[in-house]
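Open the model in a viewer that can select by chain and residue number. The stops below follow in order, each with a selection and a note on what is there.

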Amino acid sequence: MAYWLFKTEPDDFSIDDLQALGTTPEPWDGIRNYQARNLLRDVVTAGDEVLIYHSSCKHVGVAGVASVAKSAYPDPDQFDQKNKYYDPKATPENVRWYRVDVVFERKFPRFVPLGEIKAMPGMENMMLLKQGRLSIQPVTPAEWDAVIAASETDI
DNA sequence: GCCAACGTTGGC
DNA sequence: GCCAACGTTGGC
């Protein structure tokens, strides 16, 4: 069982949208970056735990937890000419892009802002801080524990 | 809206 | 294979 951080733009899809689905799995699609794709395709596994991170918005940070319901399978949008994620170089025989399904676990009792994570000791090597643009990233158990602890602590 | 980081594309 | 141009991400 591994830990991950998945980014989403809450104006598009937020932790509240995920919560509203209840136990219905949500396809985590639109990943069009090879580094993220490789992690999704080769490493992310059903049962893994995911921090849901809100990016490109007023309050950036970690909003809650989901789990991986289904491991990687081809993202059908790449074959759909009308879809914004259509990729003319992708074919069913030569799949380029993948997605996984996630399911809501919980919303944090307290949102953990990026600024707070930056200020935590020992988080200097977190990928979120080292390589800000990666949309699917691994999280170490220590990083996971620190974020969860912060979400349960009033400040 | 600005700008830094960085991934992708395409000419050579 | 190099590298400049360009596009996108994402924090502020």
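Select DNA strand B and the residues near it, where near means that a heavy atom lies within 4 Å of the strand. The selection shows Asn33, Tyr34, Gln131 and Arg133 around DNA strand B. Of the atoms of DNA strand B that come within 4 Å of the protein, 58% belong to sugar and phosphate. By class, the residues of this surface are one nonpolar, two polar and one charged (nonpolar: Ala, Val, Leu, Ile, Met, Phe, Trp, Tyr, Cys and Pro; charged: Asp, Glu, Lys and Arg; polar: the others, Gly among them).

Stay on Arg133. An N or O atom in the side chain of Arg133 is 2.7 Å from a base oxygen of DNA strand B.

This is a predicted model, in which local features need pLDDT of at least 70, side-chain atom pairs count only at pLDDT 80 or more, and totals for chains, interfaces and linings use all residues. Residues are numbered from 1 along each chain as its sequence is written, chains are lettered from A and ligands numbered from 1 in the order in which they are written, and side-chain values use heavy atoms, with hydrogens and water left out.

Colour by pLDDT, the predictor's confidence in each residue from 0 to 100. Chain A has an average of 94, and 100% of the residues score at least 70.

Next, show the aromatic rings. The structure holds four aromatic pairs (rings of Phe, Tyr and Trp, the last by its six-membered ring, with centres within 6.5 Å; planes under 30 degrees apart are stacked, over 60 edge-to-face, the rest tilted). Select Phe13 and Trp28: this pair is edge-to-face, with 6.2 Å between centres and 85° between the planes. Both Phe13 and Trp28 are buried (under 20% relative accessible area; exposed is over 50% and partly exposed in between, with a 1.4 Å probe and protein chains only).

Last, look for charges over rings (NZ of Lys or CZ of Arg within 6 Å of the ring centre and within 35 degrees of the ring normal). Arg37 lies over the face of Trp97, 5.9 Å from the ring centre. At Tyr73, the charged end of Lys70 sits over the ring, 4.1 Å from its centre.

Key
A polar contact is a pair of N or O atoms within 3.5 Å; within protein, one must be able to donate a hydrogen and the other to accept it, and residues adjacent in sequence count only if both atoms are side-chain atoms.
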